[in-house]
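Work through the exercises below on aromatic rings and their surroundings. Each task is followed by a solution in steps.

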Amino acid sequence: MDFKGKVAVVTGAGGVICSQVSLGLAKCGCDLALVGLSLEELKKTEEATKACGVKVKSYACDVTNQELINGLADEVISEFGKVDFLVNGAGGNSAKATTSIAKFDPRELEEDRPEEVRGLYNIDMQAFEGTVRLNTMGTVYPILAFAKYMAKEGRGSIVNFASMNTYCPLTRNFAYAMAKSAVENFTKSLAAYFGEAGVRINAVAPGFIVNERSKVYLGTVETGLTARGQKVIDHTPMGRFGEADEMFGCIKFLLDEDASSFVTGVTIPLDGGFLTLSGV
């Protein structure tokens, strides 16, 4: 219970990874403000974390809306009295913002192009912009809203979510890769900005983590891999996908003001070694 008495805000707390992060924090004695698009998606996380005997409250909020997130921050401070940690887990990709082809095809410029040829020139640009906004401004606004309270206290820790796409963009994921690179750069910039205020800001870069969507696109090692899934495993030294609960250990380290007191501005890959293996 080494986080007993601490208060953490977790955005995207209804998701696969951040629900497990929230549970890990609760087991460490941390009180929680869970943030997601709807209270319904937070229900399971709230029930699991409350069972650990900590104070938990869920908040429905669109993290890309600055006015709403500022109001949320005021509510959290009113309810909990302070905030020690912010885990910026809200984010994601959109199938509509993903191309179906990995390289330019002249047919994508044609009006009567085949339905399966979806390239950059006929992608849904509204979805593209939405993906960029969710992953960038959905990180910016919560930091602005909560870091000011941390700075007033002269202490606090923030963990953002980058991605392996930050370092090595996957094919067809232009918007997501662009946004996650921005998160890594922004993390460095803010670490420098808030350094003397006592607020540390770091990030993690998850690799391929098992969830329902990944099972469709990649398959599983146990039941069979898709062609894309096999490529991932061929480039992963550990020979498997990650599990959501494996993300918590590193995040806990980055939040802990004793374990990582002199660590700020870093982004740590959690990818089973994916970035180490070129395949050559």
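**Exercise 1.** Classify Phe 194 as buried or exposed in this predicted model.

Solution. The relative accessibility of Phe 194 is 12%. Buried means under 20%, so Phe 194 counts as buried.

**Exercise 2.** Determine the geometry of the aromatic pair formed by Tyr 193 and Phe 194, and classify Tyr 193 by accessibility.

Solution. The ring centres of Tyr 193 and Phe 194 are 5.1 Å apart, and a pair needs centres within 6.5 Å. The planes of the two rings make an angle of 80°. Angles over 60 degrees count as edge-to-face, so the pair of Tyr 193 and Phe 194 is edge-to-face. Tyr 193 has 66% relative accessibility; exposed means over 50%, so Tyr 193 counts as exposed.

**Exercise 3.** State how many aromatic pairs the model has, then treat the pair of Phe 104 and Tyr 121.

Solution. The count is four aromatic pairs. For Phe 104 and Tyr 121, the centres lie 6.2 Å apart and the planes stand at 75°, so this pair is edge-to-face. Both residues are in the loop between strand S4 (85-88) and helix H4 (125-153), 17 residues apart, and the pair links distant parts of the chain. Phe 104 has a relative accessible area of 52% and is exposed. Tyr 121, at 61%, is also exposed.

**Exercise 4.** Which rings have the charged end of Lys 55 or Lys 252 over them?

Solution. For Lys 55, the ring is that of Phe 80, with the charged end 4.8 Å from the ring centre. For Lys 252, the ring is that of Phe 3, and the distance to its centre is 5.2 Å.

Methods: Residues numbered from 1 in each chain as written. Predicted model: local features only at pLDDT ≥ 70, side-chain atom pairs only at ≥ 80, totals over all residues. Heavy atoms only, no water. Phe/Tyr/Trp six-rings, centres within 6.5 Å; stacked < 30°, edge-to-face > 60°. Helix = DSSP H or I, 4+ residues; strand = E, 2+ residues; numbered from the N terminus. Buried < 20%, exposed > 50% of the residue type's maximum accessible area, 1.4 Å probe, protein only. Lys NZ or Arg CZ within 6 Å of the ring centre and 35° of its normal.
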